[in-house]
Amino acid sequence: MHMLFITATRLGDAVISTGILAELLRRHPGVRVTIACGPVPAELFSHVPGLERILIMEKHQYDLHWLKLWKDCVSQRWDITVDLRGSATTLLLRSGRRLIMRGGRRPGRRIEHLAALLGQSPPPLPTIWCSEAERAQAQALIPTTPPIIALGPTANWTGKIWPVERHIALWQAISTAYPQARPAIFYGPGAQEAALARPLLDALPDALDLGGRFALTQTAALLARCALYVGNDSGLMHMAAAAGTPTLGLFGPSRASEYAPAGPQAHWVAAPGPEGEAPIAGLSVETVASAALALLKEPTA
């Protein structure tokens with residue numbers, strides 16, 4: 001069997017989509033998979049079972065990237081095609097079963113919209129496939145003790161970024177309750193992400209710097225070894241939850257009702273005010289610290 005899986009260009013959306021991908025793999029053992037996605041999340045799928053190839057979709061003028069994708073796929077007879085982008089591409093391919101996600105934004109959790117394609121409730125949780133080498137590397141970088149608390153101070157736009165001084169105060173609250181704990185700072189590749197993380201790294205000189213230089217699946221393996229992840233609404237937040245790490249997402253103007261983290265121990269807190277409008281600076285240290293410490297006390301799932 002051959003399956004074409006067309007997913008997102010953004011990292012967070014791509015992570016959310018891994019839940020139904022994993023479910024389809026479970027339902028169709030041995031299926032050969034082609035993933036079509038944007039360049040940012042492509043590494044996420046590098047260890048998908050049965051992977052044949054990853055088609056990276058670079059956006060082109062006049063939507064010509066869809067024509068290129070069709071050309072790359074038209075020679076294959078597909079048993080299953082899944083299009084989470086709502087395009088007409090799979091309608092023009094030789095395909096058995098087609099699952100097409102209607103385009104546009106709608107209220108409710110994105111993960112539930114995707115699961116509805118399979119008629120599944122509750123929705124399957126996202127997952128990330130890592131290699132044994134990546135897990136071994138993570139074990140070498142993050143020992144079992146002391147407990148490592150991951151902090152994610154970056155996001156793709158400034159409105160979603162909790163002020164760095166709040167992250168510092170949060171760490172002071174956590175380290176008071178857990179003096180043996182050590183912070184780890186996670187952030188994405190590139191100069192902008194590094195610049196956003198730098199003030200927190202400077203303020204916490206004993207922190208592990210685990211950002212910028214790792215592949216996505218390596219990062220997932222590192223996150224899986226952390227006792228807790230606290231961070232802004234971002235792709236890293238979704239990765240932490242998918243990796244099974246106890247995760248606390250911080251929300252301001254972005255919508256937790258649509259993009260709350262999904263995982264075995266995933267929680268979120270939001271700034272007070274109308275959803276989609278509340279400034280994240282309104283989210284207090286006390287609120288975040290209380291939720292983070294409560295999550296640390298939860299039994300491991």
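Two strands pair if DSSP finds at least two bridges between them. Helices (H or I, at least four residues) and strands (E, at least two) are DSSP runs, numbered from the N terminus.

The model is predicted: local features need pLDDT of at least 70, side-chain atom pairs count only at pLDDT 80 or more, and totals for chains, interfaces and linings use all residues. Residues are numbered from 1 along each chain as its sequence is written, and side-chain values use heavy atoms, with hydrogens and water left out.

**Stop 1: the five-stranded sheet**

Select strands E1 to E5. They form an open sheet in the order E3-E2-E1-E4-E5, with parallel pairing. At the edges are E3 (51-56) and E5 (95-100), each of which pairs on one side only. From one strand to the next, the twist averages 15°.

Now select E1 (residues 2-6) and E2 (residues 32-37), which are joined in the parallel sense by five bridges. Met-3 stands opposite Val-33 in E2.

Contact means heavy atoms within 4.5 Å; axes are lines fitted to C-alpha atoms, for helices over the stretch in contact, and angles run from 0 to 180 degrees between N-to-C directions. Helix H2 (residues 64-73) also packs on the sheet, where it touches E1, E2, E3 and E4; its direction makes about 155° with that of E3.

**Stop 2: the six-stranded sheet**

Next, select E6 to E11. Six strands form an open sheet here, ordered E8-E7-E6-E9-E10-E11, and the pairing is parallel. E8 (208-209) and E11 (266-270) each have a single partner strand, so one side of each is left without a neighbour in the sheet.

Zoom in on E6 (residues 148-152) and E7 (residues 182-185), a parallel pair with four bridges. Ile-149 stands opposite Pro-183 in E7. From E6 the chain passes through H5 to E7, a β-α-β crossover that is right-handed (with the strands pointing away from the viewer, the path from the first strand over the helix to the second runs clockwise).

Move on to E7 and E8, which run parallel and are joined by two bridges. Ile-185 stands opposite Asp-209 in E8. The chain crosses from E7 to E8 through H6, again as a right-handed β-α-β crossover.

**Stop 3: two helices**

Finally, select H5 (residues 164-177) and H6 (residues 191-203). These helices pack at an angle of about 35°, with their axes 10 Å apart. Val-164, His-167 and Ile-168 of H5 meet Pro-199, Leu-200 and Ala-203 of H6.
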